[in-house]
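Dear colleague,

I am handing over the structure we spoke about, and my notes on it follow below. Please read them with the coordinates open beside you.

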Amino acid sequence: MKKRLPILLLAPGLILLIMFLVLPLISIIWPTIFDGGISFSRYIEFFKDDYNIAIFIRTLKIAMITSLVCMVFGIPVAYFISRCDKKWRSLLMSLSMFPMLTNPVVRSFAWIIILGRNGVLNTALMNIGLLKEPMQLLYTEFSILMGMIYLFLPIMIITLVGVMENIESDIMEAAETLGASRIKAFFQVILPLSMPGVIVGSVLVFTGALTAYTTPQLLGGNKNMLLSTFIYQKAMTLADWDGASVIAAIMIVTTFVVMKILNTISSKLDRREE
């Protein structure tokens with residue numbers, strides 16, 4: 001009975017996952033590869049179209065840049081928070097999570113006010129004499145990136161804080177005692193030990209940026225379409241459900257490939273078992 005207990009405890013969750021995740025995914029993807037026989041012609045046609053390839057590359061680029069920027073800014077912020085006293089740590093964590101408590105539509109409209117031709121940023125730059133006329137910041141890849149970074153940076157910080165606060169501060173002191181500078185000790189000791197959190201945070205940010213709809217739709221418009229908005233157009237505007245299913249399958253495969261690459265990098269950089 002004791003051996004069966006873990007299986008019995010997992011059974012309800014597994015049943016729900018199979019019913020509401022696995023089976024719907026199969027029902028979406030199966031018609032795209034089976035039409036009287038296994039065929040990948042729909043996927044080949046997708047990648048033959050230059051317009052589709054441009055959307056695919058733009059989506060990958062924005063997701064990767066978002067992950068990289070969130071990593072660069074999230075690591076030092078998370079380390080600082082993890083080394084604060086518990087009282088300040090709770091306050092800083094609350095401030096970090098505050099953007100996540102706001103509706104994505106509200107956040108996107110806030111960026112529209114900031115980046116618009118008569119928005120806060122253009123007005124400020126013109127008032128100080130750096131610009132003679134407003135720049136086109138809104139409905140560009142830049143505006144999508146700003147919205148994505150603001151949206152997913154808290155996720156990276158929260159993930160990294162959970163890992164870094166479990167790293168003993170004595171490790172940094174030991175590295176400094178052996179002659180390493182504080183910066184060198186951070187990059188050669190703390191950062192490698194934090195790689196599991198970096199990888200998890202990067203996967204969460206990349207997946208979120210790859211599949212986000214509201215932010216790219218409101219800040220990018222139709223001229224800077226991503227795969228998520230392309231799916232909506234295919235399904236809801238053109239009623240091309242097979243085309244939408246192909247895009248969904250491509251996004252799923254892309255996510256798994258990126259996860260595999262990041263896990264491989266993590267296993268090579270993880271020094272916890274050395």
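If neighbours within four places in sequence are set aside, T159 is in contact with G197, V200, G201 and L204. Please keep in mind that this is a predicted model. T159 sits in helix α7, which spans residues 141-164, and a polar atom of the T159 side chain lies 2.7 Å from the backbone oxygen of I155. With a relative accessible area of 17%, T159 is buried, because the cut-off for that class is under 20%.

Turning to the charged pairs, the count comes to five salt bridges. One of them is formed by R42 and D242, with the closest N and O atoms 3.7 Å apart; this pair links distant parts of the chain, since R42 belongs to helix α2 (residues 41-48) and D242 to helix α13 (residues 241-269), 200 residues apart. R42 is partly exposed at 26% relative accessible area, and D242 is likewise partly exposed, at 36%.

E141 forms a salt bridge with R58, where the closest N and O atoms are 3.4 Å apart. E141 lies in helix α7 and R58 in helix α3 (residues 50-82), so the pair ties together parts that are 83 residues apart in sequence. E141 is partly exposed, with a relative accessible area of 25%, whereas R58, at 16%, counts as buried.

A further salt bridge brings together the side chains of D240 and K234, at 3.7 Å from N to O; D240 is partly exposed at 28%, while K234 is buried at 18%. Finally, salt bridges with shared partners join R58, K61 and E141 into one network.

Definitions and conventions:
Residues are numbered from 1 along each chain as its sequence is written. This is a predicted model: local features need pLDDT of at least 70, side-chain atom pairs count only at pLDDT 80 or more; totals for chains, interfaces and linings use all residues. Side-chain values use heavy atoms; hydrogens and water are left out. Helices (H or I, at least four residues) and strands (E, at least two) are DSSP runs, numbered from the N terminus. Buried means under 20% relative accessible area, exposed over 50%, partly exposed in between (1.4 Å probe, protein chains only). A polar contact is a pair of N or O atoms within 3.5 Å; within protein, one must be able to donate a hydrogen and the other to accept it, and residues adjacent in sequence count only if both atoms are side-chain atoms. Contact means heavy atoms within 4.5 Å. A salt bridge is a side-chain nitrogen of Lys or Arg within 4 Å of a carboxyl oxygen of Asp or Glu.
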